Amino acid sequence: MSAAEHATAGPANSTEYITHHLTHLKVGEGFWSFHVDTIFMSVLLGIVTLGLFYTAARKATVGVPSKWQAFVEMVVEFIDTTVKEVFHLDRSFLAPLALTIFVWVFLMNAMDLLPLDLPGKVAALFGIHYWRVVPTADANTTFAMSLTVLLVVLFYSFKAKGAGGYIHELFTAPFGSNPVLWIPNFVLNLVELLSKPVSLAMRLFGNMYAGELVFMLIALLGAGVFTLTVGSAFGFFGQLAMGAVWAIFHILIITLQAFIFMMLTVVYSAMATEHH
Amino acid sequence: MDINATLLGQMLVFGVLIWFSWKFIWPPLTKAIEDRQKKIAEGLAAAERGQTELQTAHGEAQVIVNAARDQAKKIVDQAHKREVEIVDEARATALEEGKRIVDGSRQDAAQEKSRARDELRKDVASLAVAGASRLLQREIDPKAHADLIEQLAREIEGAKA
């Protein structure tokens, strides 16, 4: 079913509506395929985010700051303080990383608050029939971020302990340096290391995917409004009320998830620099 | 959950964003913040320094005012003293002058008196001589004696008048 038909006739049933909304605009086959909507939205939001911050950074003045500069500085200071409290080494790289994560993830999550069918309708104007607008509800994005964070964590591990020291630690901590314990130590460390990106990615993906799904279910409540029955009226007002409540609650969730992702990145990096 | 090459694309996007933020956004903003903090700290220190300097200046001004007050008092005292001196001097001069004037007048009066006495004496002598000559003329004529005396008296009277 195309989005154009969608606009006039509506979805045939709830399953079709939800399935349609959960389908990515995809090009390519098998592994070598790309979710165009995810990539487009995340790049667009990345450009918007960093562009806005860049305007403040480029015109940053020591004197009386403009309102926008004051806001950006507030965010920067907030993140810098948060990083400083946890991570005690040079944070000239980790702090901007945390800023990027927080602001970018926040904006990508915020796409969830757009009216559910609006992006699809806009996409339909360009003849595109599938368009998922929340990049963080795509596991590819969250895993891409968490794997990048894993690389950063590994970088900090090597930097703080040296290659030899880090490999030594992988085999001797936490149980001890007895050769018999090398394998158990390594297995445990590997699990610990790999659990970090998995938990990071799945937490964000799960929250955003579920949030999106709940929005769809709420949207289905009012789907029958044009049948003009008592039940459909209840459904319609139910959609209004629950949609509002869930959207307001979701403001909290998108901020919280962005903050958690940032915070855990900083915490993992800090743990990587500690000696066992 | 459909993991595919989007993951690689997103890693690349994320990497570019981190790089941009690291190189172009974070440094100028933190620099601006830190510089402003430094500026504010300097401003506060300057304000404090100004306060201290003001206090010192107040103290110094007080000292100067006190000195000026002392000097003014000294000058006024001196003026008072001088005033008394001048008045005393003037009084002494006036007294002396007065005495001198009085002495002069007294001397003049004495001179005038002796001159008047001499004149009178001269007059009296001439009168006596005149009277005597008249008397001597009438001794021969006793009748004319009375006339003479009367005439003399009249003359004296006339002179008196």
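In this predicted model, the largest nonpolar core comprises 62 residues, and those that touch the most other members are Ala98(A), Leu99(A), Ile101(A), Phe102(A), Trp104(A), Val105(A) and Leu29(B). At least two residues of this core are supplied by each of helices H3 (36-58), H4, H5 (94-110), H7 (139-172), H8 (182-221) and H9 (230-272) of chain A, and likewise by helix H1 (6-138) of chain B. The largest share, 13 residues, comes from H5(A). Leu99(A) illustrates how residues of both chains meet here: when residues up to four places away in sequence are left out of the count, Leu99(A) touches Val76(A) and Ile79(A) as well as Ser21(B) and Trp26(B).

Chain A as a whole has nine helices and two strands, which follow one another along the sequence in the pattern α-α-β-β-α-α-α-α-α-α-α. The C-alpha trace of chain A spans about 75 × 60 × 35 Å along its principal axes, and 34% of its 276 residues count as buried. Among the contacts in chain A with a separation of 6 or more, 66% are accounted for by residues 24 or more positions apart.

Chain B, by contrast, has two helices and zero strands. The radius of gyration of chain B is 62 Å, well over the 15 Å that the globule rule gives for 161 residues, and chain B is therefore more spread out than a compact globule. In keeping with this, the C-alpha trace of chain B spans about 195 × 25 × 20 Å along its principal axes, while 9% of its 161 residues count as buried.

The contact between the two chains takes 40 residues from chain A and 28 residues from chain B. On the side of chain B that touches chain A, 18 residues are nonpolar, seven are polar and three are charged.

Terms used
Residues are numbered from 1 along each chain as its sequence is written. Chains are lettered from A and ligands numbered from 1 in the order in which they are written. This is a predicted model: local features need pLDDT of at least 70, side-chain atom pairs count only at pLDDT 80 or more; totals for chains, interfaces and linings use all residues. Two residues are in contact if their C-beta atoms, placed from the backbone, lie within 7 Å. Ala, Val, Leu, Ile, Met, Phe, Trp, Tyr, Cys and Pro count as nonpolar, Asp, Glu, Lys and Arg as charged, and the others, Gly among them, as polar. Helices (H or I, at least four residues) and strands (E, at least two) are DSSP runs, numbered from the N terminus. A residue is buried if 20 or more other C-beta atoms lie within 10 Å of its own, exposed if 12 or fewer, and partly exposed in between; C-beta atoms are placed from the backbone. A nonpolar core is a set of buried Ala, Val, Leu, Ile, Met, Phe, Trp, Tyr and Cys residues joined through C-beta atoms within 7 Å. The radius of gyration is taken over C-alpha atoms; the globule rule is 2.2 Å times the number of residues to the power 0.38.
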